[in-house]
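Colleague: Hey, I'm new to this one. Could you walk me through it?

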Amino acid sequence: MDVTGLQTTRLRARAPLFLAVFIDIFSFGLMYPLIVALFDGGAITAGYSPAMRDALLSLAFSLFPVGMFFGAALLGDLSDALGRRRTLMICMGGLALSYALMWASLEIGHLWLFFLGRLLSGLMAGTAPIAQAAMVDSVPEERRSAAVAQVVLANTLGMVAGPALGGLLGHLDFRLPLALALVLCVATLVLLRGARFAHDEARRTLALDWRQPFLLLARIGQRQAIRVPAAAFLLFQLGFLIYYTFILVEMQRSYGFSTGGLGLFSMVLGLGCAFSSAIGFKWARARLGSDRATALLGLALCGLFLIVSAAPLPAWGQVAVAFLSTASNILAYVTLLAAISSAVDETERGWALGIANASVALSVFLAGLLTSLLAVLPADLFLALGGVLVLTALLPGLKLARAPVPAPELR
């Protein structure tokens, strides 16, 4: 088989992985502008006080990461025990059900169904680390950051499309984005059922335990190599997700953005990620020569841009900062994930990337909880806090392995 044919075969084998990752982040991004608009207007505005609306907004944001925290442990171990494809199918089926519940909530007017759907969608939000694990299973260590970058590119394309469609469709009717997410999840589930990709076999015996998320975190203490990249990743994600949550609130309340405007603003955030995943990361990695240097640059730039967002900028200034913050974010995101995956052998790679997913879940949860303080504290304060936390991640980041590792493109 010639090189072109080999590349086409590999692309076809990996396509279901990319599609599952795309749908996962697409449906996640779809919800952010929708939630901000839903809990700051319409019937909820008429039926609840401002303080109660902020509390409901906090709950809508926080239930997703609560589910994600437990789901990260479950799905990471499940993918190691049952195989990547079967676990991705479970994720897609669960996501489809979660969006059906939220759609039904708006149809019949029962808010508790919306919150139940948010919780379930968090439990099933595990496709990215599973796909990353499947990708790095089949490449040598020196190519892992490039493999992760490919998955992140699919991730960021979903991040561009999801918020844009969520905001624009939600501007017409809040039920439309939920219906679209449901249809896409079902379609992806059908495609995954017939998919085949390498290294999909079980790696160890399945053992489920409700304490698994806490055991997962406790396992970090037994593996010293993962502590440094995991600590840097947690601080980095917490800071950035505080920004991601509060900048949407700021753009609506201080700049008067509509639901459609919030969707387009979120799309700019996704475009920054997509640009860096496709071009910026490769350029920076090639010139800096190591994952460590690339991670440190990404952390420094991202933290500074987040702090700048707390300044009294015009709307176009916030849009520019949004693009730059996510473009620099990818430099740290890709390299820190690669460092986490390289800290363990392949039998625990699902677990290790589950740690990263749990870190994201905890970060989203804490950021969501902080929105309940909007009645007493300005959003600008939280934007600055996010930047400071990202800069703090430089401290463990400085302890990452120093040896340069070549990262050629995958073929």
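Colleague: Which residues of helix 15 are buried?

Modeller: Ala-379, Phe-382, Leu-383, Gly-386, Gly-387, Leu-389 and Val-390. They cover an arc of only 160° around the axis, which puts them on the same side of helix 15. The arc is taken from the directions from the helix axis to the C-beta atoms, and buried means under 20% relative accessible area, with exposed over 50% and partly exposed in between (1.4 Å probe, protein chains only).

Colleague: Where does the model come from?

Modeller: It's a predicted model: local features need pLDDT of at least 70, side-chain atom pairs count only at pLDDT 80 or more, and totals for chains, interfaces and linings use all residues. Residues are numbered from 1 along each chain as its sequence is written, and side-chain values use heavy atoms, leaving out hydrogens and water.

Colleague: How many helices and strands are there?

Modeller: The protein chain has 16 helices and 0 strands. Of its 411 residues, 56% count as buried.

Colleague: At what angle do helix 12 and helix 13 cross?

Modeller: Roughly 150°, and the axes of helix 12 (residues 291-309) and helix 13 come within 7 Å. That makes helix 12 roughly antiparallel to helix 13. Angles over 145 degrees count that way, under 35 as roughly parallel, 65 to 115 as roughly perpendicular and the rest as oblique. Axes are lines fitted to C-alpha atoms, for helices over the stretch in contact, with angles from 0 to 180 degrees between N-to-C directions.

Colleague: And how far apart are the axes of helix 10 and helix 13?

Modeller: For helix 10 (residues 224-253) and helix 13 (residues 315-342), they're 10 Å apart, at an angle of about 160°. Helix 10 is therefore roughly antiparallel to helix 13. The contact (heavy atoms within 4.5 Å) includes Phe-233 and Phe-236 of helix 10 and Asn-329 and Tyr-333 of helix 13.

Colleague: New topic: is Arg-118 buried or exposed?

Modeller: Arg-118 counts as buried, because its relative accessibility is 1%. Arg-118 lies in helix 5, residues 111-123.

Colleague: What does Arg-118 contact, leaving aside neighbours within four places in sequence?

Modeller: Met-31, Ile-35, Ala-60, Phe-61, Leu-63, Phe-64 and Met-102.

Terms used:
Helix = DSSP H or I, 4+ residues; strand = E, 2+ residues; numbered from the N terminus.
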